Amino acid sequence: MSSLTSTSPHPVLPEMPNQVVSYLKAGALGIAVTVGDDGYPTDSFCWVVANDAKTLRIGADHGGKTQGNLQREGRVAVQIVGPDNLVFLIKGTAKSIKPNIDAVPMDIEIWEVDVVGARDQSWPGAAPLPFFVQWSGDDREDKMKTEQAAFEEMRKA
């Protein structure tokens, strides 16, 4: 696991701490960082849920770069920014567990990530604002319900 270590004052943990798992059980927006076919990192927003400290699940759009990168490389880092300075980078290996989230009208594949490391990236004396989706339009309420249905399906997949 030496490849995951850093000189940061926050050690790399072998699993997600309880506060991260608790936050992600409800479902959250995160950023998936994958390795592109050009060898460089690339990122995308994704839905994230966790059922336990060793696994999390993310959604990847069909035909998107994230899905292609996951299929090719099988590795991902997921950036979480939550309330009260909850800032973590979670690294792991990913495998597809469900080709589509049935609850949403988009083609989004569910990937399960086996956590190999989680690092606290909180900032002393400052806190970045949490990631969240601000739905808009006349169907805002429907979109919010769809997102919650997607989280529920991701937890049960």
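Among contacts between residues at least 6 apart in sequence, what percentage join residues at least 24 apart? In this predicted model, the share is 65%, where a contact means heavy atoms within 4.5 Å. Residues are numbered from 1 along each chain as its sequence is written, and side-chain values use heavy atoms, with hydrogens and water left out. Local features need pLDDT of at least 70 and side-chain atom pairs count only at pLDDT 80 or more, while totals for chains, interfaces and linings use all residues.

The chain holds 3 helices and 7 strands, arranged along the sequence as β-α-β-β-β-α-β-β-β-α. Here helices (H or I, at least four residues) and strands (E, at least two) are DSSP runs numbered from the N terminus. The C-alpha atoms fill a box of roughly 45 × 35 × 25 Å along the principal axes. Of the 157 residues, 41% are buried; buried means under 20% relative accessible area, exposed over 50%, and partly exposed in between (1.4 Å probe, protein chains only).

The largest nonpolar core has 25 residues, and M16, L24, V48, L56, I58, V76 and I90 touch the most other members. Such a core is a set of buried Ala, Val, Leu, Ile, Met, Phe, Trp, Tyr and Cys residues joined through side-chain atoms within 4.5 Å. Helix 1 (18-25) and strand 2 (28-35) are among the elements that each supply at least two residues of this core. Leaving aside residues up to four places away in sequence, M16 touches several residues, including V21, L24, L56, I90 and V115. A second, separate core of 10 residues includes V49, V104, I108 and F151.

The search of the whole structure also turns up 2 aromatic pairs. Rings of Phe, Tyr and Trp (its six-membered ring) pair if their centres lie within 6.5 Å; planes under 30 degrees apart count as stacked, over 60 as edge-to-face and the rest as tilted. F45 and F131 are edge-to-face, because their planes stand at 90 degrees, with ring centres 6.0 Å apart. This pair links F45 in strand 3 (residues 41-52) to F131 in the loop between strand 7 (108-120) and helix 3 (140-156), 86 residues apart. F45 is exposed at 57% relative accessible area, whereas F131 is partly exposed at 21%. W47 and F151 are edge-to-face as well, at 5.9 Å centre to centre and 70 degrees between the planes. W47 lies in strand 3 and F151 in helix 3, so the pair ties together parts 104 residues apart in sequence. Both W47 and F151 are buried.
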